[in-house]
Amino acid sequence: MTARTPAPLTGTAFGIDIGGSGIKGAPVDLAKGDFSAPRVRIPTPQPATPAAVAATVAEVVDSFHLPADLPIGVTFPAVIQHGVARSAANVDDSWIGTDVTAVVAAATGRRALAVNDADAAGYAETLYGAAKDRPGVVLVVTLGTGIGSCLVVDGTLVPNTELGHLEIDGHDAESRAADSARERDGLDWAQWAARLQRYFRVVEDLFWPDLIVVGGGVSKKHQSFLPLLDLRTPIVPAELRNAAGIVGAAALAARGGEID
């Protein structure tokens, strides 16, 4: 089998990152993988119902003078199956079963694509960040309130892996190894690294990745914990930081959801 990497992108697309506290958006230069204008952030409405969130997304989009045919990619904190939310995290439960792509398209009057937030961030790392030009199996893991995951195989995204919810030693993995668990349990870096060691060893035994990329806010302090891990898989910090979701969503929208 010949390894593939995603074909390079050019032009511009628009990315929106829907989070529990804020909805952020910016146009993205697809050749560079960076914003082509400063991002706009508007607080997420409460309750975060489909109608309220869609209206805020439209407000973010209307903050820019965009060509009518510019594609829009939207990250969403849920399992997204063919555009439909199958779960809901930090947004209203009424999203479950809602076609996120259709709701955003109707609110903005534009072609849209919805994707899981971790998948968008991880895909951006494979195009522009720490996993650029790395063929094979790449696993991107975000450590925060929970554990998000993104699996990309020779440039093709395998969506909705949800590897933060693996059951390990009788526990939901993220309840023990997320950054929130480190803070909740008052762990020092070595103690937390021991939990990460157990988590990543299970993951690498299941998926045999060629590279693991670690993101999330705590990745800024990667020197405090990544060197403490003893894995056979190379493991590196993410590079795109808070821009990853917007950039990845824009790139996926530009591809029309087809990653090749």
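View 1. The protein chain folds into 7 helices and 15 strands; helices here are DSSP runs of H or I with at least four residues, strands are E runs of at least two, and both are numbered from the N terminus. Its radius of gyration is 18 Å, close to the 18 Å from the globule rule for 260 residues, so the chain is as compact as a globular protein of that length. (The radius is taken over C-alpha atoms, and the rule is 2.2 Å times the number of residues to the power 0.38.) Keep in mind that this is a predicted model, where local features need pLDDT of at least 70 and side-chain atom pairs need 80 or more, while totals for chains, interfaces and linings use all residues. Residues are numbered from 1 along each chain as its sequence is written, and side-chain values use heavy atoms, leaving out hydrogens and water.

**View 2. Where α3 meets α7.** The axes of helix α3 (residues 117-128) and helix α7 (residues 244-254) come within 7 Å and cross at roughly 80 degrees. Axes are lines fitted to C-alpha atoms over the stretch in contact, with angles from 0 to 180 degrees between N-to-C directions. That makes the two helices roughly perpendicular, a label for angles of 65 to 115 degrees.

**View 3. Residues of the α3 and α7 contact.** Looking at side by side partners, α3 brings residues including Tyr123, Leu127 and Tyr128, and α7 brings residues including Val247, Gly248 and Leu252; contact means heavy atoms within 4.5 Å.

**View 4. The protein chain by extent.** Along its principal axes, the C-alpha trace spans about 50 × 45 × 30 Å.

Definitions and conventions
Parallel < 35°, antiparallel > 145°, perpendicular 65-115°, else oblique.
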